[in-house]
Amino acid sequence: MELCDDVDEVAMVGDGKLMWDGLGLVPFRIVPHFRSPGHENPERIEQLAARYAQEDVPFRALSDDDAIVVDGHW
């Protein structure tokens, strides 16, 4: 996510400790705001999805209209 979020800006939120590995709710990474109209960094989001695909990293690209529902264990 460092391609999409400004590290300095993220560090100012909360206690300043950066956590880039997610919450562990799903067994894949999420690329948010994918091809969502009006998002401020569409090229960075495309780069992130392309990088995950190239590196064979499991991911789901979600637009602002998409959601993932976890019901029970994954």
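**Note on the predicted model**

1. L25 sits in the loop that runs between helix 1 (7-11) and strand 1 (29-31); helices here are DSSP runs of H or I with at least four residues, strands are runs of E with at least two, and both are numbered from the N terminus. L25 is exposed, at a relative accessible area of 59%. The classes are buried for under 20% relative accessible area, exposed for over 50%, and partly exposed in between, with a 1.4 Å probe and protein chains only. Together with M19 and L23, L25 makes a nonpolar surface patch of about 380 Å². Patch members have over 30% relative accessible area and no salt bridge; nonpolar side chains (Val, Leu, Ile, Met, Phe, Trp, Tyr) are joined within 5 Å, like charges within 9 Å.

2. Basis of the values. The model is predicted: local features need pLDDT of at least 70, side-chain atom pairs count only at pLDDT 80 or more, and totals for chains, interfaces and linings use all residues. Residues are numbered from 1 along each chain as its sequence is written, and side-chain values use heavy atoms, with hydrogens and water left out.

3. Overall layout. The chain has two helices and two strands, and along the sequence they follow the pattern α-β-α-β. Of its 74 residues, 19% count as buried. The chain exposes about 5900 Å², of which carbon and sulfur atoms supply 50%. Accessible areas come from the Shrake-Rupley method with a 1.4 Å probe, and for residues only the protein chains shown count as cover. Among contacts in the chain with a separation of 6 or more, 64% are between residues 24 or more positions apart; a contact means heavy atoms within 4.5 Å.

4. Nonpolar core. The largest nonpolar core has seven residues: V31, F34, I45, L48, A49, Y52 and V57. Helix 2 supplies the largest share of this core, four residues. Such a core is a set of buried Ala, Val, Leu, Ile, Met, Phe, Trp, Tyr and Cys residues joined through side-chain atoms within 4.5 Å. Leaving aside residues up to four places away in sequence, V57 touches R29 and Y52.

5. Salt bridges. A search of the whole structure gives two salt bridges, each defined as a side-chain nitrogen of Lys or Arg within 4 Å of a carboxyl oxygen of Asp or Glu. Side chains of opposite charge can pair when their charged atoms come close.

6. The pair E46 and R35. The closest N and O atoms of this salt bridge are 2.7 Å apart. E46 lies in helix 2 (residues 42-54) and R35 in the loop between strand 1 and helix 2, so the pair ties together parts that are 11 residues apart in sequence. E46 is partly exposed, with a relative accessible area of 31%, while R35 is exposed at 61%.

7. The pair R51 and E55. These side chains also meet in a salt bridge, at 3.6 Å from N to O. R51 counts as partly exposed at 29% relative accessibility, and E55 likewise counts as partly exposed at 47%.

8. Around S36 and S63. S36 is in the loop between strand 1 and helix 2 and is buried, with a relative accessible area of 8%. S63 is in the segment after strand 2 (59-61) and counts as buried at 19% relative accessibility. S36 and L62 are 26 residues apart in sequence, and their C-alpha atoms are 8.7 Å apart in space.

9. Backbone points to check. H33 lies in the loop between strand 1 and helix 2 and is partly exposed, with a relative accessible area of 32%. D56 is not a glycine either, and has a positive phi of about 60 degrees. D56 is in the loop between helix 2 and strand 2, and counts as exposed at 70% relative accessibility. Most residues other than glycine have a negative phi.
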